[in-house]
Structure formats: C-alpha cells, structure tokens
Amino acid sequence: MSRSIRTIFAAAAALLLATACNSASTGGETDGGDQGTGSVRGVTEDSVKVGGIVSMTTASGYSKKDTDLGAKARFDRANAEGGVHGRTIDYLGAEDDGQDPGKNLAAARKLVQREKVFAISPMSSVTFSGADFLQKQKVPTFGWGTIPPFCGPTYMYGFGGCMVPMPGGTITQSWPEGLKKVMGGAKGKSVAILANDNDAGTFAIRTYKQSFAAAGFEVTYAKSTVPATSVPSDWSAYTKEILRSDGGKAPDAVVSVMQTPYNIGLFTAVKRAGFKGVITDPTDYDPGLLAKSATKKALDGVHVLLTFQPFEQDTADMRQFKKDIRKAAGKEVPLNMHMMTGYMSADLFLAVAEKAGKDLTVDSFQKAADDYSDTGTMVGDRKLREGQKESFGCGALVRLEDGKYTVSSPFKCYEPIPFK
C-alpha cells in the first residue's frame, strides 16, 4: 500500500498508524501462519486458538471491555454446537492495550509469538499499531472497520466492511437515507453538519457533505471548526452560525460528527436557542449514558446512526444475540455496541473458518474469504473481498425518547455512492 493512501486513511481515522517496521524484524519471528510441514499455528486436530485485543482501560476512563464478552458469547455458542468442523474455539480472551500504541503492538506480538494464535478476533482499539506486524505474520484479524487497517490489507476483515472511504471506493448512504424516512423525504430539507477541527473532522465533513447532498438534502453548513483538544464551554458562536445557515433561518436538521461530550454541549445549546428540528449523530447509543439526568436531557429526541440491527428490533438473530450474551454473562446485562463489535467479529471469523473446511490453514482460510458472501446478518449482506474496500452499506436510526431508545428508521441496506 502506498504511503499517500496510508496518509489519507490516517486522516480519516484521526491517528497516525505506526508502521511497526523495526519490531517486525526481531529474531525468532516467522513470516506466516503455516509453520512447516503439517503444522499450522494455533490449529490442532480438535481446537483452533483465537485471541483478542481490546481497549479495556483508557486514560479517559472510556472502556470497550464488553467487546470481550460479545466475542466470548459467540464462540461459546459455536462450541456448544460442535465447533467448526469438529474443532472447538479455544478463545483466550482479550489483551488490554490501554489504547496505547506500544501496548497494542506488544499484545499482538504476545498473542502470535507466545500464545501461537491462529487469528485475532476481536481487535477493538483506535490504536492499531500492531496492524503491520499481524499482516506480515499472516494472522487473520477481525474487528470493526472504522479504522484504516481494515481497509485494504489482505489479512484484516471489518465485520461491517470498510467503513473508511477509500480513493476509488464508496460512501455508505445509510445515514442520509435513514434520515429521509424520519423527515418524510429530503426534498426542500436542509442540513447543517459540524465536526471537530482535526484530520478526522475534515475528512468527515468531506464525506458527509457528499453523502447528504447525494441523498437530496441541501447542505447549508458543513464545517470542522470545534477544537478537538477540549470541549468548548461556550457554544454560542457555533449555534449562531448553524441556526442562521439556511438563508438566515435554522436548518431542518443538525448533524454532529463528534463524540458524546461534544454532542451534549452542542445539543444543549441548540435546544436552548429554540431549535425544534431534527438532531442526529453516530455516537450516542449506550444505555450507560442515561444514568445522568443532564446527559439524558441533552440527548432526548436525538436520532443515532447504527451500522447494525438495533437491539430494539425484534428479529430471530437479535433474539439469539441477546440469549447468547445473557448466557455468557451469567445474568441479564445492559446491551451496548461493544458487545456487538465482539460478537460480529467472532461471527465473521467463524463463517469464513466454516467455509475453509476441515483442512484449516492460513492459505485455505484466505481462499475461503476470497469469495465469501452471505445475506441477512445483523450487519446486512456480507461480501468479501469487497468488504475490504467498501462498507456493506447497511444501517438504522434509533431515537432516544423518555429515557429509552426506539427505532426511528429500521435497519436496511442502501446502495452506496462513489467517493470523490
């Protein structure tokens, strides 16, 4: 992959992907998963060894620990059903990278060199400095394709496809198309889009300006001007611009491409300014956010984008997911998107491993992935290798009302548009 494309990817995800070139030349490393005659790393006659890498702890207190529970839940069910071609999944659990680049690479090295895993599933961290190492070692790796390493490298698989638009790739239309259902169409409707003042924010504005315009909305405001280093204490400058952006009046919808602390500030400010239109973001789907009354009030009425089936949507797959999580946790637990990340990462790994057959090697696994496809999953219709270049194009909107989420636009797959 060229350095120029890497740079575009890094901007999309607001991180510099560490190349790990120095660490990948350490003595004692092999250059792939099939170790000599008849020996495959992590594979025995009756088991396949898999490990995960997850940001369980972070400096800010944010945690993705339930990603591990989601993966365990899916692997547990697979094992209860007899495993994959008679092999059980020996899931070692997830290493905590603390959202630290050095720890992420160390976790990858430990799982491959010491634990001898066949695959990494799930990998859930914005700090994926172990990506180049895992690619060189030919380790199939599964996670949420919201970061660049899941878009292109041959051993990396995003369970929803590549969510970061690539040159020559596509943009998923699930957000604006879902909003059209909420707003009764896009004709004559205006949107204002706000993002952080960093590489990710700039790229998000470029992407969603195209996306909403292609769906028929008039984009009257699209700026990445909010400081990324600290949440503003005064939002008046932003709200004044936004609420006058449609020819001196407020737009029909305010679209935020920011994280929860920013959204709380922005949404509180626009509501206080009298805004009565639609508010939407892709972040705030977490029952834990409802514990604080101020947060619950700020997010009330907000439509949140999901790239998987909402927990509130009653389908056979969702009922199975809830049953599996409850069994793995040993009790009823509040559901969150981290559980879904782990569960669907494991699910895609299992699906490809099943297709690879009894003679499981890295080569047979990769061959199975080359033309793998299925339909109607909790992330939509999956198709590889296309999923390493573009997303599966599916999504839903949920709305927070009176302290609970309801489906405002059901989960559906939409035709993507070319990324320009």
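I count a disulfide where two cysteine sulfur atoms lie within 2.5 Å. The model is predicted, so local features need pLDDT of at least 70 and side-chain atom pairs count only at pLDDT 80 or more, while totals for chains, interfaces and linings use all residues. Residues are numbered from 1 along each chain as its sequence is written, and side-chain values use heavy atoms, with hydrogens and water left out.

The torsion about the S-S bond of C151 and C162 is about 100°, so I noted this disulfide as right-handed. C151 sits in the loop between β4 (141–143) and β5 (156–158), and C162 in the loop between β5 and β6 (170–171), 11 residues apart. Strands here are DSSP runs of E, at least two residues, and helices are runs of H or I, at least four residues, numbered from the N terminus. Both C151 and C162 are buried; buried means under 20% relative accessible area, exposed over 50%, and partly exposed in between, with a 1.4 Å probe and protein chains only.

I then searched the whole structure and got two disulfides. C394 and C413 form a disulfide with sulfur atoms 2.0 Å apart. This link of C394 and C413 is right-handed, with 90° about the S-S bond. C394 lies in strand β14 (residues 394–401) and C413 in strand β15 (residues 404–413), so the pair ties together parts 19 residues apart in sequence. C394 is buried at 5% relative accessible area, whereas C413, at 32%, counts as partly exposed. Counting bonded cysteines along the chain, I wrote the pattern down as 1-2, 3-4.

Next, the cores. A nonpolar core is a set of buried Ala, Val, Leu, Ile, Met, Phe, Trp, Tyr and Cys residues joined through side-chain atoms within 4.5 Å. The largest has 78 residues, and F118, F321 and F349 touch the most other members. Helix α11 (residues 337–356) gives the largest share of this core, 13 residues. Another core of 19 residues lies apart from it, and its members include A186, V191, A204 and A253.

Last, I checked a helix pair. The axes of α2 (residues 66–80) and α10 (residues 316–329) come within 8 Å and cross at roughly 100°. The axes are lines fitted to C-alpha atoms over the stretch in contact, with angles from 0 to 180 degrees between N-to-C directions.
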